[in-house]
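Student: I have a structure open and want to learn to read it. Where do we start?

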Amino acid sequence: MKASRRLEGLLVAGVAVLLALLVISVIILAVGKNPLLVFSSLLQGAGWLPKPKYAGGRGVLTDFMGLLDAMTPMLFAALAVAIAFRAGLFNIGVAGQMLAAGFLATVIVGYSPLTAVLAKPLVLLVGLAVGGALGAFVGFLKARFNIHEVVSTIMLNYIVLYITSFFIKSYYIDPVSRQSRAISSEARLTLMNVDLGGLSSRLPLCFLLAVALAVLFYLLLARTRLGFEIRAVGKSRKAAQYSGINARRTIVLSMALSGCSAGLAGVTYYLGCFNSILPAELSNIGFDSIAVALLANSNPLGSILSSLLITTLTYGSNYMSSTAGISEYIASLMIGVVLLFSACGGFFQYLLGRRRKALELDKEATGGAGIGTGGSSGSSNPGAGAGTGDSPGSEYDQDAKAAGQP
Amino acid sequence: MNPIIIDGLSFALPLLIIAIGGIFSERSGVTNLALEGLLGFGAFTGGLCFVLITQILPMDSAVAFYLSFLAAALGGCAFSLIHALLCIKLRANQVISGVVINIAAVALTGFLTVQINTLAFAGASNKFLLTTAPRFSVPFLCDIPVLGAFFTKLYPFQPLIVVLAVICWFLLYRSRIGLRIRACGSNPQAVDAAGLSVGRIRLFAVAASGALAGLGGICFAYSISANVSPSIYFGGGFLAIAAMIFGNWKLVPTLLACLVFGFARSAASQLVLLLKMDSSVTDLAMIVPYALVLVLLVFFSRNTRAPKALGEVYDKGQR
């Protein structure tokens, strides 16, 4: 049952993506371009297909490593959104947490004369600490003062944005690029111009770390006590509280975990993909990651796939707009439409769930002794209402059920 | 003192109309985080209307100016129907739907602006240029010391917003539809039992919130930057949401919250000017309204009473 429901989630996400591609194709046609050409140049730009010609020392692999480099912060950010989501919290402050972590890591480590062995782990640590602290602060505001995390994270986004902008413009500005001064290459988390089989390319050092974190979050949610508590609080804070779970502590902890992951996203973005910070600008990753997590239905493992997809859209769009002659905005439009359809995904799953329930009822009615075996997986073992949480979609079923709860 | 009141008011009133939009939607039980996107889309359609009328038809820009408000309200209303469709019909998570609409609005308005500019006006600019709105002072009243500032250098949309706010108050608290909207937010089952369609009432409320947010969007476009560009997404919608939560989802306290934000913002920037500080300090002054929201929320959030059925999909079968 569980496996089939997970498959269902994949199916729904796939349908959402396909529908989105269809809609975008129509838009591209309306603008007077060939959608196939646009999509293939998108894939070429993202390193999935070979381009017609390359500059010296570059190749498909160069583009693909660039894609992985861009995907690393995206995956961290998506995990941040996903883990908060599972606790019933909506962290739209990922962009701000990223900026705060990236800024402090830049100032503390990026401008220091430390050697690579010391600097790189220190950058990660600063990212973890700053992001985690901001996340925990939001969790604290929610748990202690009942401040909605959506409002507080957005306010913090702007506060972080303006503070960092002030400091960068006043103290760390590079007069030529109008960005913060470049960090030392010792502290940078992406190695530049690495020789890979004769091709010069980027080497994102933290890509495997991001994948490992996805697995770790998955195991945490599925196999540990804290993970169970997070899911239980996410389903119903009151019910979790009554069953003896310290909901406040869980909220603070899950926001801290989310913030840690966002902090890692920040350092791999500002001190990895790039080596400086543009003042007064939040990264798009902070918001695109919501799309990624949503598409994966907040499943950490699914986030790997969906961040690969969304990064392909954003990373390939540059090449696409220059070769196919279509505005780069089409990429963000694509993400928007994917999001719209995956937001409807809950409805498809609701329909599927209703059909399944009806089928089961039929079975029970005809089979007779269906108690215990014929019930949905939710009722067959205690606590599994939350236990099925890692199959995508149960969140939406739950929303429908929650309507009647006090 | 006067500039603080003048600038504060011109920021607070558009914020108020957006927040009232939020009240409509949330009192009917539909969480509306989409206000930011709705105001952006409203500003886009309003700006488009203005540009089309002034550049294609040889028409007076005053006509275009007023028509653009209508277009903004219609645009915001139309875009909010997506939110209504997702939340009411398709049973999507309302928070997710709101955020999705924000992201979609940023992408769509950006894309369309560039496309339209390249097609119609031969330039791949990402903004529509508006005129600076004419400002006026009420004769006699503006001569009163201190209080006169409330009647000085007004944008034409400010009295409009005040009138609309009064109408909205009447609609919400003294009319049949208002009662129904509020009932949908606290006890949709009762509304259903009374033989009314919860979905239809919520649809009306969300559409109204879209229209009001769109209107607020074009007001911001005229007063802040005199153009419609991606910078319209500066967080006004979220500030409005914060003001609404402050105001406990009630109209008059929300007005006070909006005034506090507006005056805090203008006071901070006036302070920077007054102390002759470096312009980079303006960035720090910009923090004030946002930080103030956080601090005030610490004190007020405990007593907040959200509409009881807020954020829940109405399911006839549930009790």
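Tutor: This is a predicted model. Start with a hairpin: E1(A) and E2(A) form one, with two residues between them. In the turn, Gly197(A) has a positive phi of about 55°.

Student: In which sense do E1(A) and E2(A) pair, and over how many bridges?

Tutor: Look at strand direction, then count bridges. Strand E1 (residues 190–196) of chain A and strand E2 (residues 199–204) of chain A are antiparallel, with five bridges.

Student: Now chain B. How many helices and strands does chain B have?

Tutor: Chain B has 11 helices and two strands. Read from the N terminus, the order is α-α-α-α-β-α-α-α-α-β-α-α-α. The radius of gyration of chain B is 20 Å, close to the 20 Å from the globule rule for 319 residues, so chain B is as compact as a globular protein of that length. The C-alpha trace of chain B spans about 60 × 50 × 40 Å along its principal axes.

Student: What share of the residues of chain B count as buried?

Tutor: The share is 53% of the 319 residues.

Student: How do I read one helix, say H1(B)?

Tutor: Compare its span with the expected one. Helix H1 (residues 2–27) of chain B reaches 36 Å from first C-alpha to last, close to the 38 Å expected for its 26 residues at 1.5 Å a residue. Next, burial: 23 of the 26 residues of H1(B) are buried, so the helix is largely enclosed by the rest of the structure. After H1(B) comes Gly29(B), with a positive phi near 100°.

Student: Which residues have the most contacts inside the largest nonpolar core?

Tutor: They are Ala77(A), Leu15(B), Leu16(B) and Ala243(B), in a core of 235 residues. Helix H3 (residues 60–86) of chain A gives the largest share, 17 residues. Zoom in on Ala243(B): among the residues it touches are Leu15(B), Ala19(B) and Phe261(B).

Student: Last, how many residues of chain A and chain B are in contact?

Tutor: Count both sides: 44 residues of chain A contact 44 residues of chain B. On the chain A side, the elements giving two or more residues are helices H6 (149–172), H11 (285–295), H13 (329–367) and H16 (394–402). That side has 32 nonpolar, 10 polar and two charged residues.

Methods: Residues are numbered from 1 along each chain as its sequence is written. Chains are lettered from A and ligands numbered from 1 in the order in which they are written. This is a predicted model: local features need pLDDT of at least 70, side-chain atom pairs count only at pLDDT 80 or more; totals for chains, interfaces and linings use all residues. Two residues are in contact if their C-beta atoms, placed from the backbone, lie within 7 Å. Helices (H or I, at least four residues) and strands (E, at least two) are DSSP runs, numbered from the N terminus. Ala, Val, Leu, Ile, Met, Phe, Trp, Tyr, Cys and Pro count as nonpolar, Asp, Glu, Lys and Arg as charged, and the others, Gly among them, as polar. The expected span of a helix is 1.5 Å times one less than its number of residues. A residue is buried if 20 or more other C-beta atoms lie within 10 Å of its own, exposed if 12 or fewer, and partly exposed in between; C-beta atoms are placed from the backbone. The radius of gyration is taken over C-alpha atoms; the globule rule is 2.2 Å times the number of residues to the power 0.38. Two strands pair if DSSP finds at least two bridges between them. A nonpolar core is a set of buried Ala, Val, Leu, Ile, Met, Phe, Trp, Tyr and Cys residues joined through C-beta atoms within 7 Å. Lists of a residue's contacts leave out its neighbours within four places in sequence.
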